[in-house]
Amino acid sequence: MNNTAIDATRSRRIELILRQVDSLPTLPAIAARLLALTTSDEGSAQEVIELVKADPTLTARILSLCHKAYVGVRAETITVDRAVVLLGFNAIRNAVLSVKVFEAFGLSEVNQEEAGEQGNGPYTFDRPGFWCHSLAVAITCELIAQAHPGRTDLPPGDAFVCGLLHDIGKLALDLVLPKSFARVIELAQINQGNIAEFERRVIGIDHHTAGKRLAEHWQLPHVLQDCIWLHGSSYELLPRLEHRPLIGLVSLADLIVRRQHLGFSGNLATGQDQASLIEAMRLDPEKVERATRQIFDELERRGEMLGLKDQPSAELYLKSIQRANEALGQLNAAMDRRSRAAARQARLLRAIATFQAWATPAGGVQDVLNRVASVAAELFGTGYYALLYPGVDGEPWLLCQYSQQGEPLEAQYLDPPVPRIDLSTTEGEEITLAKSAGMLLPWLADHLLSAHDLRQVRLLRLGCGWGTVAVLLHDRPSLPPAEELEALTLSWGSAVAAVAQHEGARRLGEGLAEANRQLAEAQQRLLQSETMARLGEMAAGAAHEMNNPLAVISGRSQLLAQALAAGSDNQKAAQKIVEQTHRLSDLISCLRMFADPPRAERKATNLQALLDEVIHQLRQEQQGELRETLMSVKVDRQATSVWIDGPKIAAAVRELLLNALQAGPKSSVHIGARVGMQSDTLTIQVSDDGEGMDAHVLAHALDPFFSSKAAGRRTGMGLPRAQQLAKAHGGDVRLTSVPGRGTVATLLIPLAAAASDDLAAGSAGARGNDNPRGGAL
Amino acid sequence: MVANGNGKPGTNGDSLTELVKKNVFTTGEAADICKVSQQTIIRCFDSGRLRGFRVPGSKFRRIPRDELIRFMRDNNIPTDILDSSRKKRILIVDDDEQIVELFVDVLSRDERFEVATARTGYDAGILTEQFRPDLMILDYMLPDINGNMVCKTVRKNPDFASMRIVIVSGVVKQNEIDDLLGAGADEFVKKPFNIEKLMAKVVELLEV
């Protein structure tokens with residue numbers, strides 16, 4: 001019988017129980033008939049006499065009752081007829097019911113005492129005690145009813161029967177499901193609670209319902225059915241039935257009797273307030289009080305009379321005191337259990353409070369784990385402690401190990417176990433060794449610091465809303481009950497989860513900041529190249545517009561030169577015009593390069609020869625002192641034959657050399673070429689010992705049209721052009737300079753860069769396709 | 001017809017020199033040029049192998065110069081007598097008046113060339129039909145359509161298969177130059193240009 005049975009089986013079970021209740025022995029015919037007589041014809045004394053006469057035991061019992069009640073009357077002189085007259089109809093009926101109902105449940109005089117001794121556990125249904133309780137309630141009902149003669153709604157005879165049978169349902173449940181009912185009794189005792197509640201929890205139905213069902217089966221009068229069903233309910237909530245006061249009376253009597261610890265009802269709930277019930281029923285508290293004082297004597301007298309009880313009232317009183325004591329003891333025990341639980345919970349709460357008070361989001365996961373270990377060691381005692389934090393999505397797992405006092409010893413990151421161990425799916429609050437033996441611990445064993453006996457290691461899940469976030473490894477044999485520990489583990493788990501989230505967010509934030517910085521840099525570069533590209537686009541548009549007039553100037557000048565006298569100054573002047581127009585046109589083409597970067601067409605090239613030729617040509621062009629400037633070349637052996645676009649490299653070197661010559665070299669300009677260690681980059685350095693550049697000039701040296709010289713400057717396109725040519729190879733130009741001491745311009749040309757060439761060509765091609773007509777349209 | 005043709009006086013050398021400059025020929029003239037009998041020319045004309053027209057209101061056959069040249073080429077008759085005889089026609093297409101004038105000045109100085117000019121792609125199209133140039137100097141950027149479209153349109157017509165196209169432009173984008181050459185241009189010359197080099201290129205293309 002467990003209380004977690006699902007509803008479907010529960011309702012089936014209840015039906016089964018009810019059917020068993022129905023199959024309980026029927027009320028003996030005589031009792032049923034007597035009850036029927038009560039309601040129909042009160043005067044059928046003759047029929048009662050006949051019924052009693054038909055049952056010999058009953059005859060004997062009635063005669064004995066009469067004898068005891070009227071001491072002095074000689075037994076042999078009493079006939080059944082006379083006894084009925086003497087005792088009155090109600091007394092006969094009550095006596096018969098008491099005896100017969102008793103018999104129906106097998107509680108004959110003979111086995112009464114045996115039944116008391118039977119029970120195999122500390123908590124059994126005390127049937128004699130129950131009967132005593134029932135009789136006491138019946139008597140109390142009768143006494144109170146008798147004390148209020150004016151209340152026609154409280155007939156003493158009916159009140160007695162109602163009181164007698166009010167808890168018949170308990171008897172039925174005990175008979176049908178003795179073990180379950182014993183459990184109910186136990187739970188009610190331990191929890192000092194309302195028995196009906198535990199009946200519903202354990203069995204599925206309570207004694208009210210079971211009793212009602214039995215009463216229906218026995219065809220007891222409605223007033224009885226309702227008393228059995230509704231007694232104990234709040235008086236105010238009772239339906240406005242005709243016999244509502246009777247039901248209230250039974251509830252009241254039940255309360256009084258239980259308070260007197262008379263007999264055994266199994267119910268330990270204090271229930272309603274006695275005084276308010278008396279008031280609600282409009283009874284006289286004093287009369288009730290007087291009636292209450294008579295219960296013991298009356299119970300003894302009646303029990304004796306009915307032959308049911310043979311205990312003198314003093315003994316009965318003593319017994320009830322014993323019971324009261326017992327109840328008090330149980331109450332104390334329950335209180336003690338609760339207070340111990342409360343103390344434990346208080347410790348846990350304090351632990352949670354200190355833990356939470358410490359918690360700061362700034363710390364990392366490891367800090368929280370250390371704190372958990374420290375609190376755990378304080379709370380659970382010194383011992384083995386370690387914490388395992390499984391990373392998210394394949395991240396390494398963090399294993400922190402601690403001293404016996406919970407001080408951190410070592411923290412390490414482990415590669416996640418393969419195959420994956422999903423801690424969240426582990427059932428229950430505590431992962432037992434058995435459940436994870438095949439998985440977690442063998443994997444962990446290699447990493448644990450001390451050769452601790454793993455058989456003693458237990459695992460405690462630290463969960464939060466969405467699963468397990470960490471696991472505490474410990475060797476404590478007993479921890480507080482799981483339900484009490486839950487608050488603590490959830491608090492730990494949540495803290496770990498929160499910090500993990502925070503860490504994640506922080507990492508994300510840092511990542512974002514880094515990405516932002518890179519983005520800003522890229523944007524800067526993009527802006528730079530965009531400016532260049534826009535300049536180039538503009539140049540492309542301008543090219544058409546400017547080249548037309550240039551063509552006219554150049555053409556006309558050529559015609560003029562042809563017409564003029566050969567060798568004359570005028571002809572020379574005309575030729576100069578032609579030259580300068582072509583120079584201007586070249587400049588426009590240069591600008592155009594930024595919009596449509598050139599692409600390298602690599603061939604195996606003799607670098608030495610290439611550089612020699614550049615120097616040779618340059619020397620031809622220079623005039624005056626510059627022509628005499630020493631220009632030396634040194635090409636490393638590995639660099640003699642390289643895979644480059646010769647004309648473009650030559651043009652680039654030429655620009656660097658021109659720049660060097662313009663810096664006013666004191667002695668010489670030197671070119672050094674070599675191939676890097678990985679034979680992947682060709683480096684061509686052009687160094688001069690000229691005036692050098694300051695930081696400002698250096699920063700803008702690669703900008704088109706930038707020149708540090710106010711007058712007499714060149715086009716200002718030399719270095720940018722060299723850079724464009726280097727970029728065609730996927731390379732670049734680097735400048736270093738010390739003002740007054742000279743400049744080193746370095747051409748970096750990746751050699752294994754066929755792919756990057758294609759890439760550059762691809763992007764250039766794509767740009768070209770976007771706008772194949774050029775910018776002028 | 002036979003008697004008529006026979007009765008015609010034989011053409012002398014001088015008259016032949018004048019004859020080859022004409023744009024439309026009679027069957028007799030065509031026979032002289034081709035050095036075949038007039039009868040052969042008439043038979044070819046009537047069978048449709050030599051296309052021409054009849055003078056409106058009469059039966060006289062007339063043969064346009066181009067048709068005669070085509071006929072001669074088809075039949076492997078040497079055409080140098082016709083080719084060398086006339087000036088090479090050059091059409092200059094540019095929207096810049098100064099550029100057009102420059103070209104006219106340069107090319108007109110050479111007696112071997114006959115020059116026409118157009119300012120737009122549309123004019124260029126019409127003049128190509130009318131003037132039937134041997135060579136076109138074409139600017140890339142025209143007000144209405146681009147030079148490469150002119151190139152493509154011209155090249156689609158088999159009548160102009162032998163026409164030479166020189167693109168002259170201030171545009172310097174290599175991929176656009178490649179496009180132009182792919183569209184059927186024979187040569188690309190960048191503005192500003194060297195006049196002597198340009199003339200050499202033109203002469204080379206026209207094989208004069």
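**A tour of chain B**

Start with β1(B) and strand β3 (residues 61–64) of chain B: the two pair in the antiparallel sense over 3 bridges. Keep in mind that the model is predicted.

Zoom in on B:Val24. Its bridge partner in β3(B) is B:Pro64.

Now select the whole sheet. It is open, has 3 strands, and runs in the order β1-β3-β2 (chain B) with antiparallel pairing. At the edges sit β1 (24–26) and β2 (53–54) of chain B, and each of these pairs on one side only.

How many residues of chain B are in contact with chain A? Select 18 in chain B, which meet 25 residues of chain A. Two or more residues on this side of chain B come from each of α7 (97–108) and α10 (174–182). Highlight α7(B), which gives the largest share, 4 residues. Then color this side of chain B by class: 8 residues are nonpolar, 4 polar and 6 charged.

Last, color by confidence. Chain B has a mean pLDDT of 82, and 90% of its residues reach 70 or more. Select residues 1–12 of chain B, where pLDDT stays under 50. For this stretch the model has 8 contacts beyond four places in sequence. For the model as a whole, the scores are ipTM 0.70 and pTM 0.40.

Conventions:
Residues are numbered from 1 along each chain as its sequence is written. Chains are lettered from A and ligands numbered from 1 in the order in which they are written. This is a predicted model: local features need pLDDT of at least 70, side-chain atom pairs count only at pLDDT 80 or more; totals for chains, interfaces and linings use all residues. Two residues are in contact if their C-beta atoms, placed from the backbone, lie within 7 Å. Ala, Val, Leu, Ile, Met, Phe, Trp, Tyr, Cys and Pro count as nonpolar, Asp, Glu, Lys and Arg as charged, and the others, Gly among them, as polar. pLDDT is the predictor's confidence in each residue, from 0 to 100. Two strands pair if DSSP finds at least two bridges between them.
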